[in-house]
Amino acid sequence: MWDEMTAEFFVGHYNYWMTVVLMMIGLYVVVSRGNLVKKIVGLNLFQTSVFMLYISMAKILGGTAPILTDNPDEVYSNPLPHVLILTAIVVGVATTALGLALIIRIRESFDTIEEDEIFEIEQQMAKNATSSVGDR
Amino acid sequence: MLSSLTPHLPVLQVVVPLMAAPLCTLIGNRHLAWTIAFITALAAFVVSALLLGSVLDGSVISYHLGGWAPPWGIEYRIDAANAFVLFIVSLIGVLVLPYARQSIEHEFEASTHTYFYTCYLLCLTGLLGVAATGDAFNVFVFLEISSLATYALVAFGARRDKRALTAAYNYLIMGTIGATFFVIGIGFLYMVTGTLNMADLAVRLAEVGDTRVTRVAFVFILVGMGLKLAMFPLHLWLPNAYNYAPSAVTAFLAATATKVALYVLLRFTFTVFQFDFPVQELTFEYVVMPLALVAMFAASIAAVFQQDVKRLLAYSSIAQVGYMLLGVALLSEAGLTAGIIHLFNHAVTKGALFLAVGCFVYQIGSSRLGDLKGIGKTMPWTTAAFVAGGLSLIGVPLTVGFISKWYLIQASLQTGSLWIAGLIVASSLIAVVYVWRIVEVAYLEPAPEGRANKEAPLAMILPTYALVAASLYFGINSELTSSAASQAATALYSATDLASEGAAQ
Amino acid sequence: MSPELAITLTILLPASATVLLALMDKRPNLREAVSLITAGVLFFIVFGLFETVLDGARPAAHWFDVIPGLSLSFEIEPLGMLFGVVAAGLWIVTALYSIGYMRGNNEANQTRFYICFAIAISAAMGIAFAANMFTLFIFYEVLTLSTYPLVAHKETADARRGARTYLAILITTSIGFQLVAIIWTWVAAGTLDFEIGGILTDKIEPTLLPFLLALYAFGIGKAALMPFHRWLPAAMVAPTPVSALLHAVAVVKAGVFTMLKVGVYIFGIDLLSTTGAADWLMWLAAFSILAASIVAMTKDNLKARLAYSTISQLSYITLGMALATSLGVMGGAMHIAMHAMGKITLFMCAGAIYVATHKTEISDMDGLGRLMPFTYGAFFIGALSIIGLPPLGGAWSKWYLMLGAADTGQIAMMVVFMASSLLNIAYLLPVVARGFFMGNSVPMAHSLGAAAVHAKGMKAIREAPLWCVIPPCLTAFGCVLLFFYAGEIYTLIEPVAFPKGAAPS
């Protein structure tokens, strides 16, 4: 299979490489950042990479926007993935909005949006619950 | 009038709750909102029952949304498999609502109740939509509708315990990653086939054959759905989400959300990718099955050490998902039947258990094991319901859990692996341990002084008992469930017939 | 009354009596009347069936299918009839006895006690009359669960620990081994119906037969085959009526009865003897007999000694089956009745001693025989029957077991039977001897303090309440009767043990 790994293969698929790079960055941010807002940013990057995957896949070399013209031979890009991604973007926006709303509530209740500090508070809460049972 | 609606049942199933959801918020009155929600859920249940009744003979209903013929338009395609799932989801959906009305009184402010019903209906819409649709991308959209509603529903628990917020947040991150993985998988499929209709996909994929793209697509879909259905080790969001969500939400989610995700996985595995894709077979044999087995043990053992009953049941759910996946991973029609029947049986059992725990929480404000001492004497009916559910979890005869175990062990013996049968029973013995911990605390320890002998309100007891009754009835007479499950398995399995039929349209 | 109705009644009657019992919670006299009347009516019905079966009829009843192809159905054959009549008959005696015992001891939760007792009898009837292994297994599990509250009756830490061991071993073995064995049989043979000659011939590799038999033999934990015997001594924390009826008669006999059923109707004696699949079981049972007898000698607690004696005696029956010969089966079947009658006498005497003196250790019981002559007389007769001396019932079953061993040329097994009889004498008769001949007016206690208490208690000791003394006297008389009516049992069992009519006169 390594025969395929020519320069042409790499260059010809550059849109996919970009997608992969963006996706990995996004995932890495989600996993590695302790700040809840930054996690959302990472999530957005991750989702965007997928949008790009769909959009670039619909692109046809030399194609125009998919608008009906009089010329039946007109080459145009596949509109379906674009439409799909429109939906996916809406979903993404909703997710982001909900995530941010949750962060606001977390900030109000925990006074922090750092993951490790929240974790500590939760540990403390769990410990208190156990000891209160022990008292009874 | 009614008969003119009959051809539109598949879409009504989804659209009715979708329309009713914003109504709950717009109306602004929580009692009215509840009434709307309940009527809607009841309607959805009736529709699903009608649908199930009309496809149990093996026929398929194909509904073209907006009159656009598939594969260009979106198709709602109801066969025995998804009719069964629709039935489960809407059954639980309608049973939980009267319960929720009572239980949320204690859990958060009355002014937010209308939002709760909206989220609840949206979640129901999403789950029903996922099951009803025959379009791969539509699955994603509905999946996200239900997931977003779910995150909000979990966060409603923040009033009682602020950890619900972080649980909801983590669920959101994990769930979104899962959904995005799923979309990537769909994207690859679209790339090689140029279609999104599942039946059409099946035909085209058979032509494309086993390429690297299809393999990658399959793995992305598997991982994405694995996250949603809490496949071990992608289950990390589940214990906290179930633990801190309001009682009614936990019961609803435990009984439906993971089940629907499992259905999607089954649909893609058996209908879209046809079964003889080698990568698929290998993945199930060497990845899914070992993981399922590990889940059965690791999660059960984790359950044994929990101090909170809700959390204990959450871990038990992860183990039970392991059973379902195990049945599927046996890659035989008998195994698939076992997986599907357990899907139903576990929904009923876990629903009943979480509802019973909700009654405890309502009455004594806690679900911690230490606070449940002597609960069998102060709340005898609720505890009896809980024990009945617990026995079903163990797989004692005359409960649905036994039927599941029977089918699972039978399927594993039929594929000739006695050791899998041995592992199934071994892990269900761990269930004895965690269930009995609760039984001993509830019955054999004295109740703390000053706790009144008071049952939960009837509105909460009745739905609990409805599910308990179901779990006993289908344990004594499994005719209906087993025939529906085997019919569903056949529907999923007969991918080629279905695909050729789809192409003809 | 049609036989079908009669069978259904035997199971439903005690089960429905629980409702009445629950209603009579506050009226002990009525409650116990209900318990007695139910026992009487049940015995009447069962005895009617007994006559029918003795005439060669095989009454049957079909309830419904639980899983398609697997039904809850009943068919009375001789072995089941014998077990049924023993359990129903001794229930009357125990019902009388429990009134005396529970009142004499002022036990708490008496209603729960009677309810669970009735369910246990109902389950025992289900086991006795089951037409297939599936039905049998269901009632087997019901019996396990319904007796758990009885073992845990006192709710003390000790009782809880004992009950936990009890449940853990019985559930582990039944779900862990027996269920797998049953499903294996189902997958291999396609049926679970009991048929003379077995259903497994040519269905399973002969090399796998011993393995399947092992799953059954260890799966039937109630037969207390070593090393799964620990539950029986653990269950001795229960009130004595429970030990008497359940752990000398219903529960343990359900175990060995199932063992016989499996040997005769699932495997078939011929299959076992031609393949030698049961050889290992024979040796293990022999070991159980001797080892348990030796352990019994070391026990000072009377109930514990009787428990180990039971373990040993149960293995007689297992051994009878494992000999795989007609005479062995005959001896095993007879021993179900003979041992039940003898052992229930011993247990009830132990209970009577406890009610009257609150003594549990044999070393404290010196001289009691002269104060409680009836109790000790009954104990003596029961002990002689267990040892196997004529003119007591136990003589016959040992006779046939010995014949069976001789028939197969297993001289070693004959030696085991003889040695075991000697051991029986060694651990049972000292109890009687101490009662009558030792500990004159000076109490032989170990410490001064205890001696004082002992001496003080001694004066007040007399026979236990009437209802504690009459039942053991009745059963002791029963031991004598059985010697003379053993012919009836022989005629009953003959068609099973000698299906080809090759009975030696």
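Let's start with chain C, which is divided into two domains. Domain 1 comes in two stretches, 1–175 and 231–251, and domain 2 covers 278–499. Please keep in mind that this is a predicted model.

How far apart are the C-alpha centres of domain 1 of chain C and domain 2 of chain C? They lie 23 Å apart. The contact between the two takes 29 residues from domain 1 of chain C and 33 residues from domain 2 of chain C.

Now look at the domain 1 side of that contact. The elements of chain C that give two or more residues to it are α2 (28–54), α3 (78–105), α8 (231–234) and α9 (240–267). If you want one helix to look for on your screen, pick α3(C), because it gives the most to this side, with 15 residues. As for the kinds of residue on this domain 1 side, there are 22 nonpolar, six polar and one charged.

Let's move over to chains A and B. Here, 30 residues of chain A are in contact with 27 residues of chain B. On the chain A side, three helices each supply at least two residues: α3 (36–58), α4 (79–110) and α5 (115–135).

Which of these elements gives the most to the side of chain A that touches chain B? That is α4(A), with 13 residues. By class, the chain A side has 20 nonpolar, six polar and four charged residues.

Terms used
Residues numbered from 1 in each chain as written. Chains lettered and ligands numbered in written order. Predicted model: local features only at pLDDT ≥ 70, side-chain atom pairs only at ≥ 80, totals over all residues. Contact = placed C-beta atoms within 7 Å. Helix = DSSP H or I, 4+ residues; strand = E, 2+ residues; numbered from the N terminus. Nonpolar A, V, L, I, M, F, W, Y, C, P; charged D, E, K, R; others polar. Domains from an automatic or database assignment.
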